[in-house]
Amino acid sequence: MLLEVKNLRTEFKLKRGTVRAVDDVSFTIDKGEILAIVGESGSGKSVTSLSLMGLIQKPGGVAGGEILFKSQDLTKLSQKELQQIRGNKISMIFQEPMTSLNPVWRIKDQIMENIMTHMKISKKEALARTVEMLDTVGIPSPAERANDYPHQMSGGMRQRVMTAMALSCEPDLLIADEPTTALDVTIQAQILELLYQMREKFNMAVLLITHDLGVVYEAADRVIVMYCGKIVEEADVKTLFEHPQHPYTVGLLQSIPQIDNESDEHLYMIKGMVPNPLHMPPGCSFSDRCDRCMERCTKEMPELQEINGHKVRCFLYDKAEEGELSAK
Amino acid sequence: MLKYIFKRILMLIPVLIGVSIIVFLIMRVFSPDPAPIVLGQHATQEAVEVWRQANGLNDPIYLQYFHYITGALTGDLGISYYTKMPVTKEIFARFPATIELALVAIMLASFFGILIGVISAVKKNSIFDNAGMFIALIGVSMPIFWLGILLIIFFSGTLHWLPSSGRIDPLLQPLDITGFYLIDSLVTNNMDGFKDAFRHLVLPASALAMYSMAIIARMTRSSMLETLQQDFIRTARAKGISEGRVIIRHALRNGLIPIVTVIGLQLGSLLGGAVLTETVFSWPGIGAYTVACILKSDFPVVQGVVLLIASIFVLVNLIVDVFYAFLDPRIKYSKKEV
Amino acid sequence: MAKDNSANSAENLMQAAEYVEKPESQLKEMWETLRQNKAAVVGLVIIALLALIAVTVWISELIGIQILPYDPNYSDMTKSFIWPNAEHWFGTDQLGRDVFSRIIDGTKISLFVGVTAVAISLSIGVLLGSIAGYRGGKTDAFIMRTMDVMLAIPSILLAIAFMAALGKGLDKAVIAIGLVSIPEYARIVRGSILSVKENDYVQAARVIGNGDSRIIFKHILPNIISLIVVRATLGISSAVLDTAALGFLGLGVQPPFAEWGDMLGRARGFIFTAPYTLIFPGIAITITVLAFNLFGDGLRDALDPKSRIK
């Protein structure tokens, strides 16, 4: 087991109250595995990834739980110890390639900074490695482009640079937070393909954060669906897409436009909006938007329960009532 | 780049001509006749007439301006009504003192301003932030001449630590090489002179620096707060580099542009503030001298000084603009931007 | 596009939370923000107090009642340089005048000069800026180049030069200080007009045949009034500072009127013998300037939507 997250809670203390952005989240990632976390804005998926990196800024912070990376609890480490892991053993690429690179530094200096922070090598060797990494991620004439500033590159190229930087110290875990969202569709496919190749090449695990189920289907081995800070469903990709259980997952899947859909049916939309984090509905947080909401759902929060490796948080599949998950 | 700089320098000319016109209008057209002031109330009509003729004051006003501006272009700013010395000589005898004071002040202001601003931004809403911003608020609210007076009362009067007036002990005065005593005393290995010049500089430079420091601190804070929100700061943190490096090498480096702009503008206001500081500390510079010249209607000197200070001001701003290109590779001064 | 990620999503969360229960009207919202800003409230309270003092002193002078402990201009050489005590709270100056009474009396001059000078620069600046921004072309170029020229000269130096031309005195100090800040207002107004001018509603007003001045006053100025108010508030604080500076150099208000800067200038020779004569007037200036700065900063923050969503 490479990473084991147990009962993670991340909170933001605001003037008007405390927002629990990540609420009792547990999952694991194996070596070489691609795990996707899907959810809408505010579902807590990005906050989860930043919690792993120890990058939650005030007024937020990890309030509970454990993050076991190679059996070492990251939540117990000092910032200094975390710095040795960040960019080295765990690295991250972000959604906005346009703004995630420092605009006043040359590409090579930004990548070399990462390398020289974690490896005891000379400047010359770091530069050589930088060029090699740029080549690996498919940047043409890498030796010249290394001298470019970010604004001289396209979005897709910048995301390749970000990837090169994140991979430069051969991490065990790469967190990719919406790596393709800001890119054109053709470029999206290229970046996903790149991630796939890199996973093979470096045998690293990838935590893929996205709201795009298409990306999940393309890339992931296993999927976690998050809603309002909680995991509502977890399964391997095939199972999730073929047998979605939670009404939220079902809704998400139905709202993907399908080219082969011949009928005039309007695209399905989940009604309502994500609730305000300070005014959560009592009971299940999805209850006010759920088509299959029962009375019980407005009163208590269902537990996440596991049946045959498929986890779901919904009373529709309550063991006590249904006996078995596949009853439906 | 060179073309841009050249273009900008060309554009300075109309501004400086404008400055000369405005000063000329104020001093020679709207001001009362200088003759009775310069020659005294009891001068004879004849003497006044002779003096006016000699100083070209009987020519039509446009001709006076024409003579003045053609002279200025060849480096001749006229002759002081009182000392009968060329204005350029009068100015350059005093200018190094003012520049030395202003340069030391701007260095103090920039260093402490940026320091306070960065700490305030990084420790936002903490006690450091509140204290820093309180100091900055007092700094912009306090008249600099009063701050100078307070410093004298406390450090010269009560504690007897530092001298309250002058530039240096006359016995220690270094050879005049650059006119900057700190430099002149150092290169002539006059360590006592250096120490003394430094001790004389501390109070006036601090008084002069306070206002600019406050402005720079506020600017730095807001610029840093904005920069620290940017995505690339998160990227930098994700690399595992130290927080100090994130703040200095990434955030401050990016937030520097508005700060540099403010520093450039402050240098202009420092030259203005020098008028007051020099008066308080009897600093033998151009500021106090100019006030005296305005009061006794020594117009040629006043015109010369204002023209010189305005030139420095616009030049500094030009340098700041050029400096941007080094701070931010995205800025290119080649195409349509002028 | 869902702009959801990491640092931003935390921010989104916070914004979402902050947006709840917001007052609807913008003005009310601004007032609310201002009220929550303790510093701004302190500034406003001090300004109100100073104004109250100034008006009271002025009226009592008009109707001939002495409410100050001593006549601020009454000199008694036998009582010069008395250190602060129960009778003379701030001591007496070189001419035996009561410093406390003079400082209280000086409030009205500083406030008067500050407000009037700003009124002058404001009205001329807004006028010039409107013309420049609205007309464009050569008029714009001429006005704005002139403003650039004025900005190239340090304002205190320019004010002193104006004083030399105009002569000494309170009224002249007001004019000189008013004149030197014209460019700031002209620039703000011109810049805002240029950006507002192309807006649809202004275009529409022109299409239905509104005249230029009507468009400026009815449609454009109301939109930039908030910017001007902030600038003017902060402008008063710099006008008070400039007044004190001119007074300190002996160019401002002439004796026997009590003016803080003038008091400092005249007491300067007694810096070591009677430091208190130099401390209290400075405190008065600082408090006044501070109050306008606090209030002006608060106003600016309240008007700036970016800082509102903190």
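C:Val289 contacts B:Val140, B:Ser141, C:Ser237, C:Val240 and C:Leu241, leaving aside neighbours within four places in sequence. This briefing concerns a predicted model, and it covers the setting of that valine, the domains of chain B and the cysteines.

**Setting of C:Val289**
- C:Val289 lies in helix α12 of chain C, which spans residues 276-303.
- The relative accessibility of C:Val289 is 1%, and the residue is therefore classed as buried, the cut-off being under 20%.
- The contact partners of C:Val289 include B:Val140 and B:Ser141 from chain B, as well as C:Ser237, C:Val240 and C:Leu241 from chain C.
- C:Ile224 is 65 residues from C:Val289 along the chain, and the C-alpha atoms of these two residues are separated by 24 Å.

**Domains of chain B**
- Chain B is assigned a domain 1 covering residues 2-73 and a domain 2 covering residues 93-295.
- The centres of domain 1 and domain 2 of chain B, taken over C-alpha atoms, are 35 Å apart.

- Zero disulfides are found over all chains in a search of the whole structure.
- A:Cys284 is accordingly in no disulfide, and the nearest cysteine sulfur, that of A:Cys297, is 6.0 Å away; a disulfide requires the two sulfur atoms to be within 2.5 Å.
- A:Cys284 has a relative accessible area of 11% and is buried.
- B:Cys293 also counts as buried, because its relative accessibility is 0%.

How values were computed
Residues numbered from 1 in each chain as written. Chains lettered and ligands numbered in written order. Predicted model: local features only at pLDDT ≥ 70, side-chain atom pairs only at ≥ 80, totals over all residues. Heavy atoms only, no water. Helix = DSSP H or I, 4+ residues; strand = E, 2+ residues; numbered from the N terminus. Buried < 20%, exposed > 50% of the residue type's maximum accessible area, 1.4 Å probe, protein only. Contact = heavy atoms within 4.5 Å. Domains from an automatic or database assignment.
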